[in-house]
Amino acid sequence: MASSKSSVVAGWELALRLRERREELNIEVRTITGELGFSRNYWSAVENERKVLTDENLVKIIELFGFNSAEGRELHDLSMAAREHHWAADYAELLDSRLQRLYGIEDSADSVRIYESILVPGLLQTPEYAHAIMAPAVVLRKVEVDQRIDVRQRRQERLTGQKPLRLTAVISEAVLRQQIGGPAVLHQQLTHLIELTEAHPDTIEIRVVPFTAKSCGLFGSATVYIYEFDNPRLPTTAWQETVTTWGFIADPSEIRNLSTTFDAALTSTLSASHSVELIHRIRQELA
């Protein structure tokens with residue numbers, strides 16, 4: 001699947017541009033509600049991506065905010081794209097709104113940096129490995145497990161195509177040795193990692209933090225995803241998971257600190273080639 005502007009990212013960019021222009025012009029919300037007849041709740045939903053303006057209301061906002069004709073066409077295009085169906089919505093009963101947003105952002109990102117402490121990242125998992133993670137969960141029915149595996153495979157389409165997602169994954173050596181699903185499943189998973197790096201050397205990089213590393217700023221971070229875009233209007237955004245919580249990190253200073261920590265963590269890893277060599281050795285041990 002080639003990178004394209006998903007409905008989620010189109011809606012995000014539209015809301016960002018409207019909010020930025022309102023703040024740039026110092027237009028108060030009461031001015032918008034007074035002149036255009038919008039309720040305060042309606043405008044709040046627009047700026048927070050919960051609603052997409054109708055064509056009629058978008059025309060009013062474009063005029064009030066003084067966008068030129070070229071900008072107006074761009075905003076209309078974003079509005080149309082934001083109303084399109086995104087595949088994650090097909091799993092609405094399974095995925096909450098945060099996860100649907102995450103996968104929409106992932107579909108339009110240019111690159112992602114990932115840290116995982118104990119599991120292979122979802123974007124790199126085999127179906128068998130993913131099944132082994134989820135099957136023991138007493139709260140998941142078999143049909144839910146199957147759907148979650150479908151979601152993982154759908155996400156992984158971003159790793160191939162004309163403009164694949166550029167992925168850098170920092171993982172602990174423990175990820176390679178924890179026998180999720182047993183030796184055969186792990187062996188297959190490690191083979192998959194090797195094949196991915198061989199098939200996509202320019203876009204997929206796996207870096208292993210060896211057991212001999214004396215420190216790593218990401219230790220204890222559980223799961224971290226940092227997404228960047230080739231569209232300069234879209235800021236870097238991050239997603240973090242722990243055992244009990246997950247969600248986006250929106251504060252720019254927190255994201256800067258996280259990015260800096262990730263880059264520093266790379267100095268504690270093996271090189272890309274040595275990381276793949278370690279994966280080969282551990283796979284051979286399993287065989």
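I looked up glutamate 173 to begin with and found it buried, at a relative accessible area of 8% (buried means under 20% relative accessible area, exposed over 50%, and partly exposed in between, with a 1.4 Å probe and protein chains only). I note that this is a predicted model, in which local features need pLDDT of at least 70 and side-chain atom pairs count only at pLDDT 80 or more, while totals for chains, interfaces and linings use all residues. Residues are numbered from 1 along each chain as its sequence is written, and side-chain values use heavy atoms, with hydrogens and water left out.

**Entry on salt bridges**

I then asked what glutamate 173 meets, and found a salt bridge with the side chain of arginine 177, at 2.8 Å from N to O (a salt bridge is a side-chain nitrogen of Lys or Arg within 4 Å of a carboxyl oxygen of Asp or Glu). Arginine 177 and glutamate 173 are 4 residues apart in helix 9 (residues 173-177), so about one helical turn separates them; helices are DSSP runs of H or I with at least four residues, strands are runs of E with at least two, and both are numbered from the N terminus. Arginine 177 is partly exposed, at 32% relative accessibility. Elsewhere, shared partners join the salt bridges of Glu13, Arg17 and Glu74 into one network.

I next looked up arginine 166, which forms a salt bridge with aspartate 110, with 2.5 Å between the closest N and O atoms. Arginine 166 lies in strand 2 (residues 166-172) and aspartate 110 in the loop between helix 6 (97-108) and strand 1 (111-116), so this pair ties together parts 56 residues apart in sequence. I record arginine 166 as partly exposed at 41%, whereas aspartate 110 is buried at 16%.

A further salt bridge joins glutamate 28 and arginine 30, at 2.5 Å from N to O; here glutamate 28 is partly exposed at 41% relative accessibility and arginine 30 is exposed at 58%. The search of the whole structure gives 22 salt bridges.

**Entry on aromatic rings**

I counted 9 aromatic pairs, taking rings of Phe, Tyr and Trp (its six-membered ring) as paired if their centres lie within 6.5 Å, with planes under 30 degrees apart called stacked, over 60 edge-to-face and the rest tilted. Tryptophan 43 and phenylalanine 65 form an edge-to-face pair, 6.1 Å centre to centre with 85 degrees between the planes. Tryptophan 43 lies in helix 3 (residues 40-47) and phenylalanine 65 in helix 4 (residues 55-65), so the pair ties together parts 22 residues apart in sequence.

Phenylalanine 65 also forms a tilted pair with phenylalanine 67, at 6.2 Å and 45 degrees. Phenylalanine 65 is buried at 1% and phenylalanine 67 is buried at 10%. I find one aromatic cluster formed by Phe38, Tyr42, Trp43, Phe65 and Phe67.

Arginine 101 has its charged end over the ring of tryptophan 12, 5.5 Å from the centre (NZ of Lys or CZ of Arg within 6 Å of the ring centre and within 35 degrees of the ring normal). Arginine 101 also lies over the face of phenylalanine 248, at 5.3 Å from the ring centre.

I followed phenylalanine 248 into strand 6, where it is the bridge partner of tryptophan 239. Strand 5 (residues 237-241) and strand 6 run antiparallel and are joined by 4 bridges; two strands pair if DSSP finds at least two bridges between them. The open sheet has 6 strands in the order 3-2-1-4-5-6, with mixed pairing. Strand 3 (204-209) and strand 6 (246-249) stand at its edges with a single partner strand each, so one side of each is left without a neighbour in the sheet.
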